[in-house]
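Subject: The two-chain model, with notes

Hi,

Here is the model I said I would pass on.

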Amino acid sequence: MSSVNVSLTDARAVVTQYRNLAMSGVVLVGLVIFGATTIDGFWSLLNLRQNLVFASFLGIASIGQTLCALIGGLDLSIAFVIGAANIGIVKFFNLGWSSALAVLVILCAAAGVGALSGLISSRQRGQDLVVTLGVGTALLGLVQIAVSSGGNSGVSGGMIMGTVPKWITNLTSLDSAIGFAPSVVLWAVLAAITMLLLRRTWVGRGLYALGGNQTAAERVLIPRRWMWILVYAVSAVTAASAGILLLGFTGGGYAAVGNPYLFTTIAAVLIGGTSLVGGQGGYGLTMMGVLILTVLQTILSGYSLSYSAQEAIYGALIIPMVALYARSPHPRTLV
Amino acid sequence: MIASDAQLPQRAGRPHLSFGDVFAREKTLVTPGSLFIVLFVMAAIRGPHLLSSDGLAGALIGAGPLVIATMAITAIAIAGPAGVDLSVGPVMTFINIELVLKVPDPLRGPVAFFAIAIGIGIALQVAMATLVAVLRVSTVVVTLAVYLIVDGLNTVILPQPGGEAPSWLANWGAGSHVFSPVLYVLLATFALWALISRTTLFRNIRLMGANDRTAFVSGVRLIPTRLGAHAIAGIFVGIASIMYTGLIGSADPTAGQSFTLSTVTALVIGGASLAGGRARALGSVLGAVDMWLISYVLTTINFGLNASYWVQLTTGAVLVLALLAGGVLSDLAGLRQNRAQARAHI
């Protein structure tokens, strides 16, 4: 590879990134205008603040999915980790643990499970999909067994009741001093940290390098296995955080609470414009994807479409978006 | 890369196979095969009813839909790269709903049912293949999008399980005798696969999955080949949904997600390489039967109210362990090859 070639690819990557940002921006603005003109109350501050709370759940859960996509992986365990954290922490509360300890234990356990997924996935390329699926399914089964064992505080139909500490409920409450729910602020802070880490640190640049060309990245001594472990651990921690926030929002543990996130996190990543092949994109794009999905959801609910119809429309959106900016090259250009 | 390209013409001509080649071909069967033996022994001890005539009949109709659906996505896995068909569950459910609710009375006979099911299967799969091949969007993305679209539509068309399959088909679910239409359909499906896998099209699909650049420079037309792979999958998805309709005797819009997850799990246990080019129907069939045996063995153990959680835990754990076992085996087998390749690179 000559240096000319490299700088050309570089320039192309930069152009791609801004083009994707611009395109998702256009889609978002278009949706907002459409919603504001056709739905009463769409433009109210209350609706805006409420939407941002929904966006913060998806946004935080999508941090991990974005990192996975950047190294060329996928995390299908997010939905299960959300559900496991959601009911697991209620069990800890019911056992009388202090809330801070319970949160800490849940996040650490999530990191451990994620690290395990990353370690196994890193063994062979292309297996992350099924590894995370297997680890996620097993985890949720295990946590449900653990939660329903011992005492009468068992799960019934995947639900578990308990008293949720006030501060966790307040995280998603709209009447806070700052005007926005604390979960939205938390999302903004986490987003800023993620983007800073991706842009300014050795680890962040290493993720892009690994996603762009695994062999080359290993030759410049980027530790592939540790990167995979780190990324999947972070993904599980962000998923578990979303699970805890969702508990604050709904007020009761529910094992299937994460199910909508199984594929919407991937949809957010794809619609934002991060490629699943790896090495291209970033969390800023995913945030656009999250906002697009949230606004779209409001519009579709405004037209009183069911969740199933919304799901179908998300799906129909993915193909044109990806076809616009994440097509793979024709083999003839690679020979 | 250079080394493997140099080997290709020799392999395509199928000269004698060395021991290493045979082991490399059969090693993918070690995991699903040994899992099958362990599970079968457990099943025979815990629930000897399985070995009776109606026990076997129940096994055929119980495992049948999963077995055939896994064969379907095997064709797509072979076509690679990262050829995981996530849409299989919702697509099968969609055909199930169409058959039970939408087909008018004069067309409710076996011939018309098979024609309609296979027709819908092929149409949907070819539509997906067109997006994959012409737009060049990856298989995972397209099938994920179709998963969401069709799964959403299913619940819109039919919010609750319901409807009634024609009696000739609903009788399949009773599973009281081994020598029933279920067995003949399964055997015919296997025979169909055996025929298809001997065609030139199928060999081209394998080559495309193993290395699409090599296939391209060898004159394989990539777009028709990919359409062909998905059309094959469509045939088997159609048959699988007929068998599924026979199993439940009605229409169920909620089965999509879990069916996709079990099918992909069975595929991976069966030793398919998701990188493309390498997957065997025998492995996939064993993987699917393994999945059914796991649930059979678990039903013989009394977990009380927690049964479904135990099924979840065991399925997930078996999936991960099967992957690990497969990985260790291929590490062992590939060690020598990798070293030789590394030397060629230097």
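Below is what I found, going from the chain contact down to single residues.

One thing to keep in mind throughout: this is a predicted model.

**Where the chains meet**

Chain B puts 45 residues into the contact, and chain A puts in 44. On the chain B side, the helices that each supply at least two residues are α7 (139–157), α11 (212–217), α13 (256–269) and α15 (307–345). The top contributor there is α7(B), with 14 residues. If you sort the side of chain B that touches chain A by class, you get 32 nonpolar, nine polar and four charged residues.

**Chain B overall**

Chain B has 15 helices and zero strands. It runs to 346 residues, and 48% of them count as buried. Take the contacts in chain B between residues at least 6 apart in sequence: 83% of these join residues at least 24 apart.

**A helix pair in chain B**

Have a look at helix α10 (residues 200–210) and helix α12 (residues 222–248) of chain B. Their axes are 9 Å apart and the packing angle is about 105°, so α10(B) and α12(B) count as roughly perpendicular to each other. From α10(B), the contact uses L201(B), N204(B), I205(B) and M208(B), while α12(B) brings L222(B), T225(B), G228(B) and A229(B). By class, that contact has five nonpolar residues, three polar and no charged.

Further along, M243(B) also sits in helix α12 of chain B. Is M243(B) buried or exposed? M243(B) is buried, because 28 other C-beta atoms lie within 10 Å and the cut-off for buried is 20 or more. Leaving aside residues up to four places away in sequence, M243(B) touches G64(B), P65(B), I68(B) and V185(B). Of that group, I68(B) is 175 residues away from M243(B) along the chain, yet their C-alpha atoms are separated by 8.8 Å.

**The nonpolar core**

The largest nonpolar core holds 206 residues, and the ones touching the most other members are V81(A), I82(A), I318(A) and A72(B). Helix α10(A) gives the most to this core, with 18 residues.

**One side of a helix in chain A**

Helix α8 (residues 202–212) of chain A has G206(A), L207(A), L210(A) and G211(A) as its buried residues. These cover an arc of only 130° around the axis, so they are on the same side of α8(A). As for why such a spacing works, an α-helix has 3.6 residues a turn, so residues three or four places apart point the same way. The cover over the buried residues of α8(A) includes α2 (45–70), α7 (182–200), α9 (214–219) and α10 (224–250) of chain A.

- S122(A) is in the loop between α4 (99–121) and α5 (128–148) of chain A. With 21 C-beta neighbours inside 10 Å, S122(A) counts as buried. Not counting residues up to four places away in sequence, S122(A) touches R224(A), R225(A), W228(A) and I229(A).
- S304(A) is not a glycine but has a positive phi of about 45°. You will find S304(A) in the loop between α12 (283–302) and α13 (307–325) of chain A. S304(A) is exposed, with 7 other C-beta atoms within 10 Å.
- R136(B) also has a positive phi, about 55°, without being a glycine. R136(B) lies in the loop between α6 (110–134) and α7 of chain B. With 15 other C-beta atoms within 10 Å, R136(B) is partly exposed.
- V27(A) is part of helix α1 (residues 3–38) of chain A. V27(A) is partly exposed, with 19 other C-beta atoms within 10 Å. V27(A) and M321(A) are 294 residues apart in sequence, but 10.0 Å apart in space, C-alpha to C-alpha.

Cheers

How values were computed
Residues numbered from 1 in each chain as written. Chains lettered and ligands numbered in written order. Predicted model: local features only at pLDDT ≥ 70, side-chain atom pairs only at ≥ 80, totals over all residues. Contact = placed C-beta atoms within 7 Å. Helix = DSSP H or I, 4+ residues; strand = E, 2+ residues; numbered from the N terminus. Nonpolar A, V, L, I, M, F, W, Y, C, P; charged D, E, K, R; others polar. Buried ≥ 20, exposed ≤ 12 C-beta atoms within 10 Å, placed from the backbone. Arc of directions from axis to C-beta. Axes fitted to C-alpha atoms, helices over the stretch in contact; angles between N-to-C directions. Parallel < 35°, antiparallel > 145°, perpendicular 65-115°, else oblique. Core = buried A, V, L, I, M, F, W, Y, C linked by C-beta atoms within 7 Å.
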